[in-house]
Amino acid sequence: SKNKIGADGVKYLTESIKNLNSFTTLNISNNYLGVDGAKKLSENMMNLSSLTTFNISNNYLGDEGTCCLGESIQNLKSLRTLSISDNKIGDNGAKYLGEGIKNLASLTSLDIFKNTIGASGAKCLGESIKNLNSLT
């Protein structure tokens, strides 16, 4: 958290952890990842099946970066906590995020603070999480 890893750095980091079967927590917040970093991260995190906590807050992901992550997050079946606050996520990003988390039955906490999600994005996200009974 709070480094300057960037897109290239996150690629190297996730390449080295992608096959760690017991890896449970990834806090990569405040690292200037942007869209390119989100793409590189999503390419390597699909195998992190034991990940329970993922904090990617404050990384300037936007809607496009959130789309990339949404595709890989859906494979994280053990995920309980997702913090994706302060990432300039709008309505389209909320839709992609909702698609990514809608079947994560173990998800108990979702932090979307300080984004730019409007009414239509909230509706999409709400539809996606309505059946997540473990979400508090």
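Predicted model: local features only at pLDDT ≥ 70, side-chain atom pairs only at ≥ 80, totals over all residues.
User: What makes α4 roughly parallel to α5?

Analyst: Helix α4 (residues 91-101) and helix α5 (residues 119-129) pack at an angle of about 5 degrees, and their axes are 8 Å apart. Angles under 35 degrees count as roughly parallel, so α4 is called roughly parallel to α5.

User: Which residues of α4 and α5 meet?

Analyst: On the α4 side they are Asp91, Ala94, Lys95, Leu97, Gly98, Glu99 and Ile101. On the α5 side they are Ala119, Ser120, Gly121, Cys124, Leu125, Ser128 and Ile129. By type, the residues of this contact of α4 with α5 divide into 7 nonpolar, 4 polar and 3 charged.

User: Why is α3 called roughly parallel to α4?

Analyst: The axes of helix α3 (residues 62-73) and α4 cross at roughly 5 degrees and come within 7 Å. The limit for roughly parallel is under 35 degrees, so the term applies to α3 and α4. From α3, the contact is made by Asp63, Thr66, Cys67, Gly70 and Ile73. From α4, Asp91, Asn92, Gly93, Tyr96, Leu97, Gly100 and Ile101 take part. The residues of the contact of α3 with α4 divide into 5 nonpolar, 5 polar and 2 charged.

User: Why is Gly100 called buried?

Analyst: Gly100 has a relative accessible area of 3%. Buried means under 20%, so Gly100 is buried. Gly100 lies in helix α4. Leaving aside neighbours within four places in sequence, Gly100 is in contact with Gly70, Ile73 and Gln74. The C-alpha atoms of Gly100 and Ser85 are separated by 16 Å, and these two residues are 15 residues apart along the chain.

User: Is Gly6 buried or exposed, and how do you know that?

Analyst: The relative accessibility of Gly6 is 13%. With the cut-off for buried at under 20%, Gly6 therefore counts as buried. Gly6 lies in helix α1 (residues 6-17). Not counting residues up to four places away in sequence, Gly6 touches Asn31, Tyr32 and Leu33. Gly6 and Asn31 are 25 residues apart in sequence, with 5.9 Å between their C-alpha atoms.

User: What makes Cys124 partly exposed, and how far is its sulfur from the closest cysteine sulfur?

Analyst: Cys124 has a relative accessible area of 31%. Partly exposed covers what is between the buried limit of under 20% and the exposed limit of over 50%, so Cys124 is partly exposed. The sulfur of Cys124 is 13 Å from the closest cysteine sulfur, in Cys67, which is too far for a bond. By the disulfide rule, the count comes to 0 disulfides.

User: What makes β1 and β4 edge strands?

Analyst: The 4 strands form an open sheet in the order β1-β2-β3-β4, and the pairing is parallel. The edge strands β1 (25-27) and β4 (109-111) each pair on one side only. The twist averages 5 degrees from one strand to the next.

User: How do you know that β1 pairs with β2?

Analyst: Strand β1 is joined to strand β2 (residues 53-55) by 3 bridges. Pairing requires at least two bridges between two strands, so β1 and β2 pair, with 3 bridges. The two strands run parallel. Thr25 has Thr53 in β2 as its bridge partner.

How values were computed
Residues numbered from 1 in each chain as written. Heavy atoms only, no water. Axes fitted to C-alpha atoms, helices over the stretch in contact; angles between N-to-C directions. Parallel < 35°, antiparallel > 145°, perpendicular 65-115°, else oblique. Contact = heavy atoms within 4.5 Å. Nonpolar A, V, L, I, M, F, W, Y, C, P; charged D, E, K, R; others polar. Disulfide = S-S within 2.5 Å. Buried < 20%, exposed > 50% of the residue type's maximum accessible area, 1.4 Å probe, protein only.
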